[in-house]
Amino acid sequence: INILGLKAVALGDLGETAAAKAALLDVIEREPEFAKPHEDLGILLLNAGQIADALPLLKRAVELDPSLVAANYHLGRALAIMADHQQAASAYRRCVELSPDFSAAWLALGRELHTLGRIEESIAAYRRCLELDHRAGEAYYQLSRLKSFKFGDEDIDTMLRIVEGEELADTSRVNLLFALGKAFENRHRYQRAWKYFAEGNATQRKLISYDPVEIEAITSNLVNFFQASYFEQRRAAGCPDRAPIFIVGMRRSGASLVERIIHSHSQVERSGELPYLENLAQSLNESRVTGKRYPEALTELDPRDLYELGEQYIAMAKKHRPEQTPYFTDRRLDNFALVGFIHSILPNAKIIDVRRHPMDACVGSLKQLYSRGQPFSYDQTEIGEYYLQYHRIMRHWDQALPGKVLRVHHEKLVSDLEAQVMNLLAYLDLPWEDNCMNFHETLRAAPNNRLRQKPPEKRLGKMGLWRHYEQGLDELKDVLAPIIREYEQEL
């Protein structure tokens, strides 16, 4: 059995995922109480992106042998991807208890604790990671993301010394450059901050693959397929459940603020960023006799099929709804491309598009290093062009599905919170609750104490922050010029 397991792992290392999976399943069938093949297969599937299949295997491995460090670590990874942050933190906690010098586990634990609002514990985890590995750039970067945390002179000197004088992996260098950018931004030294942000973006862009032409082609395909006539033919289709509230838009546009306001209502719970909608759309590409892919594959579905897809989404989201309130939010922002799919399978779902000045939104992303996704965010021209495609597809939804999507401008929230909250609740068919105005005091809306302590005017964010860096943004301004004037006129 051990030899078979080793052979399967070797196949996986060679990229033979299907063969490795078959071999490991054979081992599991022969020895169902043996933890290691469950662990190996779970890791294999997790690394292949098959999260739903990997999760039960990793859970079973830990059940069979709680002392498996790798099983606990990768279980934490899978749970984090599935937005089960409480359980992910528990898995990482077990991991560092078993292996106190496992720096990557301390880093991952810090991320989950941050997400849960346990800021002091998060800082302690990041500091422990740096004690074990002083060149762990991501620990510095994650610390820089904590609004309540500021680097001291000694921290900055250490980061500069590492960046300028030590051999680093590219990923560590990128993380340190973004952390330095944030450190100098916090000290209002914007010119120096932009130096590090720009260098970090240039370095990261070399490490990723991204094709802006492909994004434009995908957008054109969606626009051409989801015409008003398509929706007219399917008016009675889909699951009628009214529970989902989708929050979409570009990152750094104020979506988390809108989410907290809505979540402060007693009838709404927050479910995080759920991966299920995209997974369901992509599932239409599998095993199709005609070769049609999404979105064209939708033409092969009858009303019952669309109903079942909507039901599947509701069922999958249920595990993220412990309160079982009548409504829940899904803040997977890039679902803006899936508005047509949402309406096809969940015609009564609400969709909120959160907007911020295009320059503020794009510069906010240029200062951000994303753990995954957002490959367009490391080049001024590419992020500007991506924003144009987002603007294009949202304009199309407005035309094909008039009144379906509510647009919320961040600037209007800042200038007239009460009117915007009233508009939000009216669109959601929810009665007025004062908690939505006092979201900064609502425990349900903000488990992070830092958020509750600040008065509302301090929680709404600032406008025009991009102007601190305007001298270095000519490229981005040129790309966004066609829609900047339009946006300012909307306000």
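I am working with a predicted model, in which local features need pLDDT of at least 70, side-chain atom pairs count only at pLDDT 80 or more, and totals for chains, interfaces and linings use all residues. I number residues from 1 along each chain as its sequence is written, and side-chain values use heavy atoms, with hydrogens and water left out.

**Salt bridges.** I took a salt bridge to be a side-chain nitrogen of Lys or Arg within 4 Å of a carboxyl oxygen of Asp or Glu, and by this rule I found 34 salt bridges. I looked up Asp40 and Lys36, whose side chains meet in a salt bridge at 2.7 Å, N to O.

I then checked accessibility, where buried means under 20% relative accessible area, exposed over 50%, and partly exposed in between, with a 1.4 Å probe and protein chains only. Asp40 is buried at 14%, whereas Lys36 is partly exposed at 36%.

Next I noted that Arg332 and Asp334 form a salt bridge at 3.1 Å, N to O; Arg332 is buried at 18%, while Asp334 is partly exposed at 29%. Salt bridges with shared partners also join Arg251, Glu259, Arg270, Glu273 and Arg331 into one network.

**Cavity.** Which residues line the largest cavity? Among them I listed Arg251 and Asp334, both already met above, where a cavity is a set of points on a 1 Å grid over the protein atoms alone at which a 1.4 Å probe fits but cannot get out, and lining residues have an atom within 4 Å of a point.

Methods. On a 1 Å grid over the protein atoms alone, a cavity is a set of points where a 1.4 Å probe fits but cannot get out, and a pocket is an open set with protein on both sides within 12 Å along at least five of seven lines; lining residues have an atom within 4 Å of a point.
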